[in-house]
Amino acid sequence: MYKTKGYAAFSASAPLAPYEIQRRSPKKHDVVIAIDYCGVCHSDLHQVKNEWASAVYPMVPGHEIVGRVIEIGTAVSKFKVGDLAGVGCLVDSCRTCNDCLQGQEQFCDYGRVGTYNSIEKDGVTRTFGGYSQSIVVDENFTLKIPSNLELSKVAPLLCAGITTYSPLKHWNIGPGKKVGVVGLGGLGHMAVKFAKAFGAKVSVFSRSEKKKADALKLGADEVILTNSPDKIILSHNKSFDMIIDTVSAPHDLNLFLQLLKRDGSCVLLGLPDIEPTINIAHLIMGRKNLSGSLIGGIAETQEMLDFCSAHNITCEVELISPEKINEAFERMMKSDVHYRFVLDMKTL
Ligand SMILES: [Zn+2]
Ligand SMILES: [Zn+2]
């Protein structure tokens, strides 16, 4: 076994506390990564609180991991000791189904192996995430991290970055397209950055005037306040090619469907616990699409990191020490973070 220190949740209600993790011994295709930084994703909070009803405790969250390779297995060819390396939401998949063969491991027919709160393909070994000093991962699920970007700001690209990059690519966003972003949090702020970098015109939908200055600073062309829907429909009716909705709290989607152009797509990234009521006429009139998207495959995640390197794109983060994790969770529940907490695991 490979022992390392980390922070774990021991129940849905207790605060996270220090924990000694027992990881698998490194195998011939594994790299061992000393973790420098780990982002704090909103899904960590859902998982810790067992809101997806699949929690197994102790649970070590964290799937936005960057660090340095400190050990490699005998068959490793992509990495050498000392290389920067990253791990996102997946650490394995069946590798043989159609989705895996097409680089869409996140949709693996036989169940992807999540970076934490998951079971390895051996059916026994539990996975523990990046709120820890080190992690053992197969090189095929390890990402190369560009050296020209600030490492702490790269960590959230591994989930927040790919979750927004992948749908913008899939729906061919580029110059001449108009994109709306709903929710300006960890995901939303990256959607703004990527949509701008792809050459689109970007509007941010927000309930609060307070976010306006921030949205414009991030590169948005305009901010549309959602407090008077009738006015919005009058001035923005049928004008968007794509609306990327990052909000996981229950909310009305009918407004956004009306704002799409013919053949436009509203793409959902959040998972509300109450099903929305859709007026199907909004889809029929204009052949519109309501879709969802889930992170991205390993090859596309690498493509995203390389794109960020070439265009100097990183996340806006608040760097904190790991013992502040419970405070960070409290603040996230109040949407009080600009825009992602990142744990400095070197201070553990
Ligand atoms: Zn995440
Ligand atoms: Zn598969």
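The following paragraphs describe the predicted model of a chain, from its overall dimensions to individual residues.

Because this is a predicted model, local features are reported only at pLDDT of at least 70 and side-chain atom pairs only at pLDDT 80 or more, whereas totals for chains, interfaces and linings use all residues. Residues are numbered from 1 along each chain as its sequence is written, and chains are lettered from A and ligands numbered from 1 in the order in which they are written.

The chain contains 11 helices and 17 strands; these are DSSP runs numbered from the N terminus, with helices (H or I) of at least four residues and strands (E) of at least two. Its radius of gyration is 20 Å, close to the 20 Å that the globule rule gives for 348 residues, so the chain is as compact as a globular protein of that length. The radius is taken over C-alpha atoms, and the rule is 2.2 Å times the number of residues to the power 0.38. Along its principal axes, the C-alpha trace spans about 60 × 40 × 35 Å. Of the 348 residues, 45% are buried. A residue is buried if 20 or more other C-beta atoms lie within 10 Å of its own, exposed if 12 or fewer do, and partly exposed in between, with C-beta atoms placed from the backbone. Two residues are in contact if their C-beta atoms, placed in that manner, lie within 7 Å. Among contacts between residues at least 6 apart in sequence, 67% join residues at least 24 apart.

The chain is divided into domain 1 (2–158 + 316–347) and domain 2 (161–292), with bounds that come from an automatic or database domain assignment. The C-alpha centres of the two domains lie 29 Å apart. Across the boundary, 10 residues of domain 1 are in contact with six residues of domain 2. The side of domain 1 that touches domain 2 has five nonpolar, three polar and two charged residues. In this classification Ala, Val, Leu, Ile, Met, Phe, Trp, Tyr, Cys and Pro count as nonpolar, Asp, Glu, Lys and Arg as charged, and the others, Gly among them, as polar.

Helix H4 (residues 160–170) is mostly covered, with nine of its 11 residues buried. The buried residues run from Ala160, Gly161, Ile162, Thr163 and Thr164 to Tyr165, Ser166, Pro167 and Leu168. They pack against helix H5 (186–197), strand S13 (240–245), strand S14 (260–268), H10 and strand S17 (340–344). Of these partners, helix H10 (residues 298–311) has an axis that comes within 10 Å of the axis of H4 and crosses it at roughly 100°. H4 and H10 are therefore roughly perpendicular to each other. Axes are lines fitted to C-alpha atoms, for helices over the stretch in contact, and angles run from 0 to 180 degrees between N-to-C directions. Angles under 35 degrees count as roughly parallel, over 145 as roughly antiparallel, 65 to 115 as roughly perpendicular and the rest as oblique. Gly161, Ile162, Tyr165 and Ser166 of H4 meet Glu300, Thr301, Met304 and Cys308 of H10, a contact of four nonpolar, three polar and one charged residues. Just after H4, Asn172 takes a positive phi of about 55°.

Two residues illustrate buried positions. Lys178 lies in strand S10 (residues 178–182) and counts as buried because it has 21 C-beta neighbours inside 10 Å. Leaving out residues up to four places away in sequence, Lys178 touches Ala200, Lys201, Ser239, Phe240 and Asp241. Ala328, in helix H11, is buried with 22 other C-beta atoms within 10 Å. Beyond its neighbours within four places in sequence, Ala328 is in contact with Val40, Ile320 and Phe341. Ala328 and Val40 are 288 residues apart in sequence, yet 8.4 Å apart in space, C-alpha to C-alpha.

A cis peptide bond, with omega of about -5°, joins Tyr57 and Pro58, and Pro58 lies in the loop between helix H1 (42–48) and strand S4 (65–72). The peptide bond from His338 to Tyr339 is also cis, with omega near -20°; Tyr339 is found in the loop between helix H11 (325–333) and S17. Asp263, in strand S14, has a positive phi of about 65° although it is not a glycine, and Asp263 counts as exposed with 10 C-beta neighbours inside 10 Å. Arg287 has a positive phi near 50° and is located in the loop between helix H9 (281–284) and strand S15 (289–292).
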